[in-house]
Amino acid sequence: MENYNIYDEIGRGTHSFVYKARRKRSIEYVAVKSTAKSRMDKILNEVPFLHKLDSRYVLKFFDWYESSNHIWLILEYCMGGDLLNLITQDKQLPETAVKSFGIELVAGLQYLHANSILYCDLKPANVLIDEFGSLKLADFGLARRIPGSDTAATRPLAPGSPHYMAPELFQQPAVHSFASDFWALGCVLYELRTGRQPFIHTNFSELARKIQTDDVVLPVPGYEMSPVFCNLLQRLLVKDPYQRITWNELIDHPFWDDLPQLEEVVMPAQEMFDAAAPTPGRYPNISAESSDSVNFEDHPHDQNDDQRENDEENDSAAGTTGDVQRQANGNGPITTITEDDRATISESGDSSSENLLDDIGVRYYAVRTLGNMLIHCTDMLLPKLMSEQIVATLTRSLLQYAELSRGEQNDWEASQTDLALRTTTTEALAQVLRHLRTPSSVANLPSRLKRSVLLYFAKPEVLNAVWRGVQNEKGAIDLAVASLNIINAFLDTKIATDREADSAAIKASRQFLLDRVVNFSSIQKMVLLKGTTSNGVDSEGSDFVTILRAKSLITLHLGMQMNRGFLLSIVENDALGFLEQVLFPIADHLYEDDDKPGSLTPESTLSAFELYLSQCALNLCKLAIRMALKLGADCFSSREHGDTDSANNNNATISPLSFELFNGLLRHPTCRLQLLNYFVGNDNKQYTFFLRLMAKLLTAFPNEELSISGESNATTIAFYVSKILLNLFESSAREANNIVLVETQVLFTHLLPAVLEHISPTEGSTSGNLGANNDGLAVNCLKILHVVLLDFDYEDDNGEYELYDHFIRSTLVPFLDSMLNGHATKVESTWGLTSELLFGLISSDSSLLSGAKELRVMSAILGLLSVSPKFQALPSHATQLLNVLVDSYNGHLDELYDSGIAESVVAGLAFATRRKELDSNLVDLLVVLQHLLHQQHGNSRQQSLPGSPQGFNELVRCGPILIQLCVGTDATRKVHGRLGDLSPEEDEVEGGISPCGRNRVEDKIADLASRCLVFLSQIFGEQLNEAVFLNDKEPADESLSSSLLLCLQVNDLNVDGVVMLRVLLMLKNCLRCEGNNAYVSNWMTEDSRVLKAVKELASQDQDIRLENERGKSGQQRSGPSIGEQISRTSAAIVRLCRS
């Protein structure tokens, strides 16, 4: 009901109220009908009909809800009221108006009958008028399918409203038909014209006699009626249903001649009605006494008939109550026992007809009659039925029967009789408590009586006796249902007493009931009840078992609300797990598929009892959500408003219940879907509160330890909150993508900033269980940011994107930059996820690069390459981001140098070389380095351009690293292989890079490294000599010689000469740029192995060529070959060394 705003009351009945309401966030007005739960059978009969019907002449049904005391129906709003109000105001209508209304009533009945539905309760109070003056049939509580020979037995329904019932309905068995609806139509048309019903009497028996025997005088004296109208009424009000008007005759009747004629429709067969052969004079001679067998108590009449019959009920109530009370105490005779009662007691175990009237039988029927009267009595009659003496007698009887059931009974028949008495007594007591929960009933009962009744039930022995009835669900499901009704009513009844002692006693009894009496395992067993009962009933398909399961869920619902220990049991026993087992089989039927217009609705695919069970389960799920939010808020109230000493006590811990509830809701798919739908609705700002709550938990208790049942390792509140948020948003991305649009303001201004605070690990965070929690917390928080920012769609027209973009530019990127370039402990998982997040953001919004320096995007990307030596690899997307950054600044690299790109590239290359991981990250770094060197080399050749930008000279430190990378491949492969000799198909194998593919990557690395070496030697000259051949003022170490030798070895004529040539060109350039220090020549002279290798290359045959020197046509390329260039360059190096 939280989806609607309730306004004025627009109607009421004996058991219901109707309000005008509006659906929130819309201008759609609806009617909300609140009906007492005592009318559940009527509602369960009405809802399936209303939802399946789709006609302009039938009131539209939208939804229904259940609260602790009422059923709420959401219906179409008809601003014109009903026909009864119209008759009351206008007294009578002209025949033209009757004709206009009449044809719409006929059209509505035609639609129902064509769909095999009999209305069974046509009267002015059930016909509504919409804003256009059209009529709508409403209230299908007594409607039923056309009965056939194979129709399954259903719960008994009242035949109808007595003043509009056809004569044949007063005789048993009452068979409804088209004809009985036609009779009611005739009564309504008569009342519209005259302002009164055709048959009136205050005594029910006399009314029945008049309907069965008296003729209607037409035309009615004092009223102008046309002959054709009189004829129509005569044909509609024929006593014999088989002589009454038919559908074809009704449609073709001349009364409708000046109106558009209805089309004739083929009507379904009426098997039971047609099978009952008419007998002459059958209906006119029915005696009035025969109406006594009609059971109107099963379903009370609607509002107007109830009001007319109240006087009659009150006159007879006093005597009846006295008789019932005497029989409940075992005294006095009982006067009436129907055949239905005989059958019921026989089924319960007393099969001997001669024993029906003994003391036990009399007591059984006395209590049963009292229970029926409590079910169907009016509010005015109630004070005469309920007294302390009756309640005391019933509770004593219940204790007696419960005690007998605990003993050993060898007499099966006696035990069944005791069970029947116990069941009937329990049902009567349940009705007593029901009236204490119904506002209209409470208003008619003295406060002393209400207090006394509750105190009777508050006795521990009574509560234990009732609970034993619940535990007997295998033997008698109806007893278990009635017992649960008492338990639930006792827990849910409001305590309205000015005596503090009484109020305290009742509250203490409720706590005793939940702490000491109610057994959680028994409730779980009932919720998951399957198989068959002891009498062979298929419990899984039984309506009673479905009701029992629903009542058990209500007990869980009330226990969760009222008792902390009970809530703890629910969490510890994973009650949400077996709630999932209730919902999962019907999960596909709970909601209409919005993506498939016209798809089946829950009401059309589930039975009324399954709907009731599902509503109870969904209500429990919603309560779990509300309790999780409330308990989460209690974390703060306990600290902020509780005991100061406790708040400052390091040993004081926060209850894990809220966190475990959220975890349970998210762990089970159907419960998770309810949570998401609940949050998306956000009708009472629950989702807003949730986001604020999570944000505050993250900031207020970041390192507070949390003890979760079933988990051995210690955890923190912040870590568990991050798990909940990650699970929620990951699920939402798949199942409820619009959840981020519900409350973007709080999401981007409260929650995500709080999440950011936990991304950067602190010193010492990586040791112990809590250290692992901190690492996991940072990972979870980064994943939350990734999901929220990249997996959802934000709209431009509602301001959501503005908040999204502002958070990224003003909060997220500056924070990541500070973390990556600050003094935070470097954790590999954090660096990797940060690189993925930045890469995703830039890929989805390239405008972040347009002001990369001001937004600190540039600094953050470069910071990704400043990794710890303990890392296993560079962050996954760091080098890709570097490439994208360089491409976006092509031609304007000064800002990149100012931000330290040279240092970042050197650091990345040094790390990759130490880890000996020759992968795509290294290729990306070398591509960036080549781009930087190539552009600077081009600039240096233009005299008008200034020297190298600030920070560029750092790149000279790459020299030694690049020489090592030139020999990154296997030496044998290096000498004998060829660049470009692999097909793309050779690069990929399942699970990673094939050996061929890896060789291809390594060759690519060597190729790029050798290119960069040449550029370095041309740009830096003497600086490169110092960096390579004089490392830290000492001559170069052995590794340099080894690397150069591997680059310059020649094993046969199949030489990979490209890299070799570039290494030689680097040596040549370094020698040319030598100053007076002669670092290179001295080193080569001292380490004669490299010079010897160069001399050997200088003396090689000038015909050495690479295979790729040949063109596609087989013709040799013009110009010197690679081999010739190698020989010439080697010779030049030898000469330079000598000089």
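What share of the 1139 residues of the protein counts as buried? The figure is 54%, and it comes from a predicted model.

**Overall make-up**

The secondary structure of this protein comprises 49 helices and 15 strands. Contacts between residues at least 6 apart in sequence can be sorted by their separation: 74% of them join residues at least 24 apart.

**Aromatic pairs**

Searching the whole structure gives 25 aromatic pairs. One of them is formed by Phe229 and Phe255, which counts as stacked because the ring centres are 5.0 Å apart and the planes meet at 25 degrees; the cut-off for stacking is under 30 degrees. Phe229 belongs to helix α6 (residues 227-236), whereas Phe255 is in the loop between α7 (247-251) and α8 (271-275), so this pair ties together parts that are 26 residues apart in sequence. Phe229 is buried, with a relative accessible area of 0%. Phe255 is buried too, with a relative accessible area of 1%.

Another aromatic pair, Phe748 with Tyr804, is edge-to-face. Phe748 lies in helix α31 (residues 744-756) and Tyr804 in helix α33 (residues 800-821), so the parts tied together here are 56 residues apart in sequence. Phe748 and Tyr804 are both buried.

The geometry of these two pairs is set out below.

| Pair | Centre to centre | Angle between planes | Type |
|---|---|---|---|
| Phe229 and Phe255 | 5.0 Å | 25 degrees | stacked |
| Phe748 and Tyr804 | 6.2 Å | 80 degrees | edge-to-face |

Ring pairs also build a cluster, which links Phe662, Tyr678, Phe679, Tyr687 and Phe690.

**Charges over rings**

Lys20 places its charged end over the ring of Tyr29, at 4.8 Å from the ring centre. Elsewhere, Arg510 lies over the face of Phe490, and the distance to the ring centre is 5.7 Å.

**Cavities**

How many cavities of 30 Å³ or more does the count give? There are 5. The largest cavity has a volume of about 60 Å³. Its lining consists of 13 residues, and those nearest the centre of the cavity are Cys120, Asp121, Tyr164, Met165 and Ala184. By residue class, the lining of the largest cavity divides into 7 nonpolar, 4 polar and 2 charged residues.

Definitions and conventions
Residues are numbered from 1 along each chain as its sequence is written. This is a predicted model: local features need pLDDT of at least 70, side-chain atom pairs count only at pLDDT 80 or more; totals for chains, interfaces and linings use all residues. Side-chain values use heavy atoms; hydrogens and water are left out. Rings of Phe, Tyr and Trp (its six-membered ring) pair if their centres lie within 6.5 Å; planes under 30 degrees apart count as stacked, over 60 as edge-to-face and the rest as tilted. Helices (H or I, at least four residues) and strands (E, at least two) are DSSP runs, numbered from the N terminus. Buried means under 20% relative accessible area, exposed over 50%, partly exposed in between (1.4 Å probe, protein chains only). A charge sits over a ring if NZ of Lys or CZ of Arg is within 6 Å of the ring centre and within 35 degrees of the ring normal. On a 1 Å grid over the protein atoms alone, a cavity is a set of points where a 1.4 Å probe fits but cannot get out, and a pocket is an open set with protein on both sides within 12 Å along at least five of seven lines; lining residues have an atom within 4 Å of a point. Grid points are joined across faces, edges and corners, and a volume is the space filled by probe spheres set on the points. Ala, Val, Leu, Ile, Met, Phe, Trp, Tyr, Cys and Pro count as nonpolar, Asp, Glu, Lys and Arg as charged, and the others, Gly among them, as polar. Contact means heavy atoms within 4.5 Å.
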